[in-house]
Amino acid sequence: MRQLLPSALRFMLAASVIVPLLFLAGGGWERRVRMMEQAQADAARLSAIAHEHALKVQETNALVLDRLEDRIRGMGWAEITARGEELHHWMQKLDEEIAQIIALHIVEPNGDTALLSLAWPTPPLNLASRGYFRAMVAGERGILLGDPFISPLTGQRSAVFGRALVTEDGRFGGAVLGALLSEYFEARWRQMDPRGHASFGLVRWADGVTLASLPSRASAPGTVPDPGGAFTALPFAAGAVHSTARFGERDEWLLTGSRLGSSPLGVTVMMDLDLVHAEWLRLLGSLALICLLAIAALGSASWMALRRWRAEQLALAGLEAEIYRREQAEAGMRQAQRLEAVGQLTGGVAHDFNNLLTAILGTVQLLDRHLGEAADARTRKLLDMARDAVRRGASLNQSLLAFARRQSLTPADLDANAMLEGFAPLVQRAVGEAVTLELALADDLPWCRVDASQLEAAILNLAINARDAMPRGGGLRLATSAAWLDAALLVGNPDARPGAFVAIALSDTGSGMLPEVQERAFEPFFSTKPVGQGTGLGLSQVFGFVRQLGGHVTIESRVGHGTRITLYLPVAVKAAQPGPCEAVGAVHAPMATRARVLLVEDEPRVREVTAELLREAGFVVMAAADGVQAITLLRRGEPADVLFSDIVMPGGMNGVELAQKARRLRPGLPVLLATGYPGKGLDKGRHGFEMLLKPYDAALLVGRLMELTTKLESVEA
């Protein structure tokens with residue numbers, strides 16, 4: 001009679017195939033769901049980052065146009081033409097400060113380009129036929145965008161943005177324009193997605209024109225859908241900023257897009273789901289290999305158990321007759337043989353099977369710990385099912401055996417006070433009229449060593465965060481001071497060394513931070529703002545930028561009492577390095593000098609500060625507000641050993657003319673001129689006088705004046 005297999009052996013044979021297949025099916029499906037969710041999360045994250053970056057670029061562009069319009073406000077076109085070279089240099093400097101802008105234009109009402117930051121003299125260029133210009137003439141207001149083009153001057157791809165100038169009577173009075181550099185967005189996008197898994201696009205969503213893309217449409221034609229065409233297919237709900245959809249002939253692209261406020265700009269991020277599917281297939285192949293190995297191992301153990309069982313059954317069948325005849329005498333022996341055979345069978349099977357179950361259980365536990373809090377409910381359920389299956393298999397052997405078993409700066413010397421004074425109007429426009437901006441700049445502040453563009457971006461970022469913390473308005477204070485940080489204050493900051501620093505503190509009267517928020521404020525992607533209003537990159541970028549320079553950052557905040565963020569920047573190498581009790585920026589000259597300086601400066605604050613500085617250095621100072629007053633003093637016979645004068649002054653007499661008249665009155669009088677507008681015609685070769693550029697270093701000024709007076713004494717001797 002054919003013997004049926006024991007239930008334990010039948011279960012083991014079925015489990016050797018079913019359990020690995022269930023693991024393959026469940027793990028493969030779970031992994032596919034996770035990979036798709038991860039792709040959606042990555043697309044949403046990158047879209048949020050790209051959206052915020054583009055918003056800040058748009059905001060900066062608007063502020064640049066404001067500065068350009070403010071600069072020429074009240075000027076007629078004749079005056080603009082007359083002051084063309086001066087305005088060109090100013091536009092060129094403004095252009096160089098903003099990385100995403102390649103050129104700035106001032107355009108007359110007839111379309112002729114009056115000034116261009118890229119070239120002087122201004123080349124002939126008429127924009128009257130351009131679509132955006134015709135729209136401005138027709139009455140369109142706000143910022144308009146042109147079609148992308150390759151600049152004939154730079155060879156770079158860019159797109160024009162601009163705004164109409166409106167006369168006092170409401171008529172069209174010309175335009176201010178900028179050229180937005182496509183390569184700037186491509187570089188930023190590469191930083192956002194260094195692995196290159198996503199495709200980005202900056203589009204004019206009203207008509208689907210692509211302004212910038214990564215990868216470039218020119219370098220990879222046909223491989224990525226046109227971002228502009230893809231954007232027009234997005235289903236935006238009424239008033240919605242963001243939208244997500246599947247795109248392509250096979251819905252093989254995951255497309256996310258967002259609109260930038262009221263502007264016609266949009267940002268797209270596309271994830272290639274074919275790549276996700278290919279990666280999933282590779283992972284599924286690895287899981288299938290593991291499952292095949294598990295089936296082979298379990299099958300081998302089951303085959304060995306089956307062979308043992310059959311051998312045992314043959315042995316028992318051969319002995320059956322003898323056992324029957326000797327039933328009484330050999331009952332005990334038969335029972336002993338059976339128990340021995342079952343013991344051998346169970347022992348071998350339990351040993352091998354428990355090894356396999358242990359390996360499976362260990363893998364499940366490692367997977368559980370690896371996933372941690374990131375695991376969703378479905379993943380937890382699948383892991384629990386796998387653990388339950390292992391427990392049920394182990395329960396068959398628990399009475400016999402127990403077996404138990406894993407992210408380039410370009411720093412330069414910088415006068416932080418001068419930078420903040422020049423940057424304050426841009427900060428004020430960024431925070432809006434509801435926020436009052438106050439500057440508190442320390443006297444005799446040493447220069448710092450910093451990347452100027454990064455510092456401006458950091459201050460603008462902090463100012464915008466402060467504005468968001470004051471939705472009903474408030475106060476914003478920018479203060480500078482000299483500071484000394486010792487090792488105790490720099491604990492946990494291996495990038496900084498104890499010593500002298502320049503402190504720039506930004507304080508607001510906003511809502512403040514909770515202690516737990518303050519502790520995590522510098523963590524990347526940590527943000528308390530609602531979804532779509534921030535990525536949390538701002539403070540982490542500030543933190544990393546300052547620490548990379550060898551500086552330090554601190555936060556002081558109380559809920560309901562505002563926040564104070566202080567940037568400690570390294571003092572420039574050539575600047576004074578005082579100890580904790582020494583005044584930073586102090587300049588000492590021999591008191592015995594007592595040289596008499598005729599100081600001519602029309603700006604009262606500069607005049608007062610310079611006079612005080614020179615007096616502290618040992619000079620006798622006689623100050624004048626303009627050239628006429630200085631000549632009057634000299635004609636009156638007032639003693640002067642050296643003349644130190646600004647060049648550009650009111651009153652009909654500049655510094656060069658003053659120096660020439662002073663030399664006629666006092667032959668051999670040493671002269672040192674200062675200017676904040678260096679250019680052709682102001683060099684020593686043209687007028688023969690020593691020059692000093694503003695802003696000047698105090699030690700350098702004192703040294704130059706002492707050198708001039710020393711030369712005079714040696715000549716007189």
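The structure is a predicted model, in which local features need pLDDT of at least 70 and side-chain atom pairs count only at pLDDT 80 or more, whereas totals for chains, interfaces and linings use all residues. Residues are numbered from 1 along each chain as its sequence is written, and side-chain values use heavy atoms, with hydrogens and water left out.

The cysteines were examined for disulfides, a disulfide being a pair of cysteine sulfur atoms within 2.5 Å. By this rule the count comes to zero.

In helix α7, which spans residues 273–325, lies L306; helices are taken as DSSP runs of H or I with at least four residues, and strands as runs of E with at least two, numbered from the N terminus. L306 is buried, with a relative accessible area of 9%. Although L306 and L9 are 297 residues apart in sequence, their C-alpha atoms are 7.5 Å apart in space.

The backbone was then considered. Most residues other than glycine have a negative phi, and most peptide bonds are trans. The peptide bond from W120 to P121 is cis, with omega near 0°, and P121 is located in the loop that runs between β2 (113–116) and α4 (131–137). A cis peptide bond, again with omega near 0°, is also found from L214 to P215, where P215 belongs to the loop between β7 (209–214) and α6 (227–232).

A positive phi, near 55°, is found at D444, a residue other than glycine. D444 is placed in the loop between β12 (435–440) and β13 (448–450) and is partly exposed, with a relative accessible area of 39%. D444 also contributes, together with D443, E612 and E616, to a negative surface patch. Patches are made of residues with over 30% relative accessible area and no salt bridge, like charges being joined within 9 Å and nonpolar side chains (Val, Leu, Ile, Met, Phe, Trp, Tyr) within 5 Å.

Technical notes:
Accessible areas come from the Shrake-Rupley method with a 1.4 Å probe; for residues, only the protein chains shown count as cover. A salt bridge is a side-chain nitrogen of Lys or Arg within 4 Å of a carboxyl oxygen of Asp or Glu. Lys and Arg count as positive and Asp and Glu as negative; His and the chain ends are not counted. The place of a charge is taken as NZ of Lys, CZ of Arg, CG of Asp or CD of Glu. Buried means under 20% relative accessible area, exposed over 50%, partly exposed in between (1.4 Å probe, protein chains only).
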